[in-house]
Amino acid sequence: MTASDLLLTVSGLCVSYEGIEALHGVSFEVAKGEIVTLIGANGAGKSSILRAVSGLVPYAGAVVYTGKDLKNLPADRIVAAGIAHVPEGRGIFGNLTVGENLKLAAWQRRDKSAVARDLDRVFDLFPRLRERTKQLGGMLSGGEQQMLAVGRALMSDAELLLLDEPSMGLSPVLVREIFKIISEINREGKTVLLVEQNAHLALQIARRAYVLETGRIVLSGTGRELAGNPRIREAYLGG
Amino acid sequence: MAYFFQQLLNALQLGSIYALIALGYTMVYGILTMINFAHGDLFMVGAFFCFLLAVYLKLSFVPTLLLSMLGVACLGVIIERLAYKPLRTAPRVSAIITALGVGLFLENFTLALSPYPKHIPPLLTNVTWTVGAVSISSLQVLVIVLSLGLMLILDFVVWRTKAGMAMRAISWDKTIVPLMGVSVNKIISLTFAIGTGLGGAAGVLYSLAYPVIDPYMGIMVGWKAFICAVVGGIGNVRGAMIGGFILGAVEILVAAFFPSTYRDFVAFTLLLGLLILRPYGILGRPQPQKV
């Protein structure tokens, strides 16, 4: 890949919680148009990486997005820069309707016709959300909430989507559906940084992957390479 | 019957002032889960702004009201930035003690400037209409109509605008809101501005209805409005309005049928009884604890 294709460069990222370091100098990059996945066990530090990139936790090291240093930018400005974060647990506002959740995500956008077009697109991808526009977010099932969370990320018109465990708590059928849609969104031009415990599916759709163990990247390669790696098969893919 | 209507009108007047103040408590609680115990004193500052503008600048009613609201709103935003924002992640009790301290500061600062009670000049010519045996003063009508108007505007802002949507989102989970591209600090400032501005409006209306003001006037009224907010369901905007009108009605009715010294005793006993029946308030719902 050439330097101009690079969207996100993370180097030497360290994050600490109450004095205990959770990430010890993580470096990786994401190029335009890729799906990159970070896999690893619970507590390996995957979510911390996403939280640092989107400005939710302070960190040491550098996060550069399209040549722009994101350090010291507040989280709401990072959204404006073009990064949307679908947090762990989805972060749906249960007291807002589905429509309001989607509208809120377009907070910074002024072009009303483009917002309306994206809203239509989200409803095309997730027809269930269209039926439930007036329902409160808290009334949705887990799968519908995940769809809403991804829909919100699309409403912000970000180029890079950070997805934190989109498969969590969903039935296998729904997980497949969500992953299919992630691939589809990617084909339409969104770049995806995907954090997953479900390494099997993540490696299937990702072009490249990084393996995280106790706050360090221990392996990296293409999705296919890692899926064939014996160590990965044993540790993450159930042998 | 005429007596009843007369008292109903009085209850609406008092209740609408309580409701306006209660809104400030409930809005701040809704987004920060913090009780701004300085709010009653901001109401008092509103009354003193009214005095300053009316007596020294000889302004008429409308500019006095608007400038007092603006002044109190600015003061509320400044207080939040200087005193509460640094404590946002501190234990809840630190913020509450700070708020009590801010309240004491406002009382004593005002006391230092104005040791004697002040008299508010009549800003409007008061006309009294007599309908049957009921006498209606234009001032009373004005207080009720203006308060209801402000509450309708607020209700619209909270439920129908983007800013209101952001406020409601913050009350649900403020850690997620920045990921929507919303600046939480700006929305908190806006909430303080609106909440304290309404308190300032209440200060002006109160001092027109009861025209002697002093630096301690906000304490008792503030406590009562806080209780209204709790009875309505703290954090719930419509609940605060309902709570305000309930307390207004109870106080007026008690004073109408019992010796007036019983008023607060009976009123608070009834409200405590209501809280035993509905511990989260009339419109409040128990919030699931977030892990």
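Author: A salt bridge is a side-chain nitrogen of Lys or Arg within 4 Å of a carboxyl oxygen of Asp or Glu. This is a predicted model: local features need pLDDT of at least 70, side-chain atom pairs count only at pLDDT 80 or more, and totals for chains, interfaces and linings use all residues. Side-chain values use heavy atoms, without hydrogens and water.

Reader: What makes A:R130 and A:D124 a salt bridge?
Author: Their side chains meet at 3.0 Å, N to O. The limit is 4 Å, so the pair qualifies.

Reader: Why is A:R130 called partly exposed?
Author: Buried means under 20% relative accessible area, exposed over 50%, partly exposed in between (1.4 Å probe, protein chains only). A:R130 has 40%, so the label is partly exposed. A:D124, with 48%, is partly exposed too.

Reader: Which parts does the pair A:E144 and A:R132 tie together?
Author: The salt bridge spans 3.2 Å, N to O. A:E144 lies in helix α6 (residues 142-155) of chain A, and A:R132 in the loop between α5 (127-131) and α6, so the pair ties together parts twelve residues apart in sequence. Helices here are DSSP runs (H or I, at least four residues).

Reader: Is A:E144 buried or exposed?
Author: Buried, because its relative accessibility is 5%. A:R132 counts as partly exposed, at 23%.

Reader: How do you know that B:R81 forms a salt bridge with B:E80?
Author: Their closest N and O atoms are 3.8 Å apart. B:E80 counts as buried at 1%, whereas B:R81 is partly exposed at 37%.

Reader: How many salt bridges are there over all chains?
Author: The count comes to 20.

Definitions and conventions. Residues are numbered from 1 along each chain as its sequence is written. Chains are lettered from A and ligands numbered from 1 in the order in which they are written. Helices (H or I, at least four residues) and strands (E, at least two) are DSSP runs, numbered from the N terminus.
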